[in-house]
Amino acid sequence: MATPKSLTGDKQAIEDFIDKFNVFLFDCDGVLWSGDLLFEGSREVLDKLRSRGKVLEYSKAVPPLPGHSNIWDIRQATSLCHEQQHQVKTGLLEKAAVDEYRSKHSKKDEIFPSSYSAAVYISRILKLPADKNKVFVLGESGIEMELASENIPYLGGTSGEFQREIGPSDFKGIADGSALDPAVGVVLGGLDYHINYLKYAHAFAYLQRGAKFMVTNPDSTLPNSHALFPGGGSLSAPLSMAMGGVQPTSCGKPSQAMMDAIQGKFHFDRRKACMVGDRLDTDIKFGIDGELGGTLAVLTGVSKREEWEKDGAEVKPMFWAEKLSDLLG
């Protein structure tokens with residue numbers, strides 16, 4: 001396996017890198033921003049690539065911001081958690097700068113969130129029978145709206161019915177099945193800022209009754225505010241343990257179900273495409289398994305250089321940079 005090539009500070013290497021590819025697939029958190037913080041130089045890099053005729057695509061799970069009412073608005077939104085959304089409402093974040101970034105530096109057809117990939121997979125691949133066509137959601141309204149866009153009925157999620165502590169009557173109703181919807185055929189897990197035991201208990205009961213187990217993405221951590229927090233994959237881990245180690249089907253990176261869906265939508269030459277991300281186990285592996293022409297790892301998120309330099313490292317990027325803005329030269 002070749003040694004990853006550093007682009008930081010090497011203008012000729014940067015030019016050669018940009019010339020090598022026609023399409024760039026970007027992860028977002030840890031690459032373009034971290035939570036509410038837009039990394040300096042991100043918009044300038046995207047503008048530079050577009051000015052060179054490059055196609056940009058973004059694969060990201062994106063919960064909505066307050067006031068966004070449609071699928072495109074959700075796909076424009078950054079991954080702000082509930083508390084951060086509250087801060088935006090109260091003016092504690094640089095909302096204007098982030099909104100300008102979303103509106104001017106991404107396009108509707110460039111956004112391909114993992115929640116949309118999951119909705120497409122459920123509606124077009126699984127093709128659930130009519131009597132088992134509902135989805136129980138562990139997640140936020142972004143997942144719900146993507147399911148709605150594919151006309152998939154759902155429950156759980158942000159419903160007020162599940163935003164409370166579990167009680168004795170809940171245990172009884174779940175145990176005897178009277179509190180369960182017999183039409184649930186899928187349990188779909190994602191990033192849920194209001195996860196609780198009541199949701200877990202319902203999800204576990206549905207899985208025991210044969211529902212398919214899926215997650216929007218397997219990320220163990222979420223970079224935010226220069227720190228790491230539990231990711232969407234971590235929130236579904238208790239269900240895997242409860243089910244004796246059963247692993248869910250993932251529709252996020254590095255699942256090739258997502259790559260195939262992106263390929264089917266955008267129709268690009270994989271040999272001329274490069275995956276840009278901050279995680280070796282998802283982003284970079286996604287590009288390698290998808291047989292893309294290249295991968296670029298940046299060190300502003302989860303993975304560190306030492307991980308691919310250690311003996312026996314299974315996943316290595318083709319290129320790396322300290323930060324995305326290094327591509328400005």
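Strands β6 (residues 134-138) and β8 (residues 184-189) pair in the parallel sense over five bridges. Two strands count as paired if DSSP finds at least two bridges between them. Helices (H or I, at least four residues) and strands (E, at least two) are DSSP runs, numbered from the N terminus. Within this pair, K134 stands opposite V184 of β8. The model is a predicted one: local features need pLDDT of at least 70, side-chain atom pairs count only at pLDDT 80 or more, and totals for chains, interfaces and linings use all residues. Residues are numbered from 1 along each chain as its sequence is written, and side-chain values use heavy atoms, with hydrogens and water left out.

The β6-β8 pair belongs to an open sheet of five strands, in the order β7-β6-β8-β9-β12. Pairing in this sheet is parallel. Its edges are β7 (154-156) and β12 (249-250), each of which pairs on one side only. Helix α6 (residues 114-126) lies across β6, β8, β9 (212-215) and β12. The helix runs at about 145° to β9. Axes here are lines fitted to C-alpha atoms, for helices over the stretch in contact, and angles run from 0 to 180 degrees between N-to-C directions.

In total, the protein has 13 helices and 15 strands. Of its 329 residues, 54% count as buried. Buried means under 20% relative accessible area, exposed over 50%, and partly exposed in between (1.4 Å probe, protein chains only). The accessible surface comes to about 14,500 Å², and 53% of it belongs to carbon and sulfur atoms. These areas come from the Shrake-Rupley method with a 1.4 Å probe; for residues, only the protein chains shown count as cover. Among contacts (heavy atoms within 4.5 Å) with a separation of 6 or more, 71% join residues 24 or more positions apart.

The largest nonpolar core has 27 residues. Such a core is a set of buried Ala, Val, Leu, Ile, Met, Phe, Trp, Tyr and Cys residues joined through side-chain atoms within 4.5 Å. F17, F24, F26, L32 and L296 have the most contacts inside the largest core. At least two residues each come from α1 (11-20), β2 (23-26), α2 (42-51), β5 (55-58), β13 (273-277), β14 (294-298) and β15 (319-321). Helix α1 gives the most, with four residues. Residues up to four places away in sequence aside, F26 touches V31, L32, L46, L49, L56, E57, Y58, S59, M275, V276 and L324. A second, separate core of 21 residues includes V184, Y200, A203 and L222.

Several loop residues were examined individually. N196 sits in the loop between β8 and α9 (197-208). At 18% relative accessibility, N196 counts as buried. Its side chain reaches the backbone nitrogen of L198 at 3.1 Å and that of K199 at 2.8 Å. Beyond its neighbours within four places in sequence, N196 is in contact with F162, Q163 and R164.

K127 is found in the loop between α6 and β6, and E291 in the loop between α12 (280-289) and β14. K127 counts as exposed because its relative accessibility is 60%. E291 is likewise exposed, with a relative accessible area of 63%. A cis peptide bond joins K253 and P254, with omega about 5°. P254 is found in the loop between β12 and α11 (256-266).

Key: A polar contact is a pair of N or O atoms within 3.5 Å; within protein, one must be able to donate a hydrogen and the other to accept it, and residues adjacent in sequence count only if both atoms are side-chain atoms.
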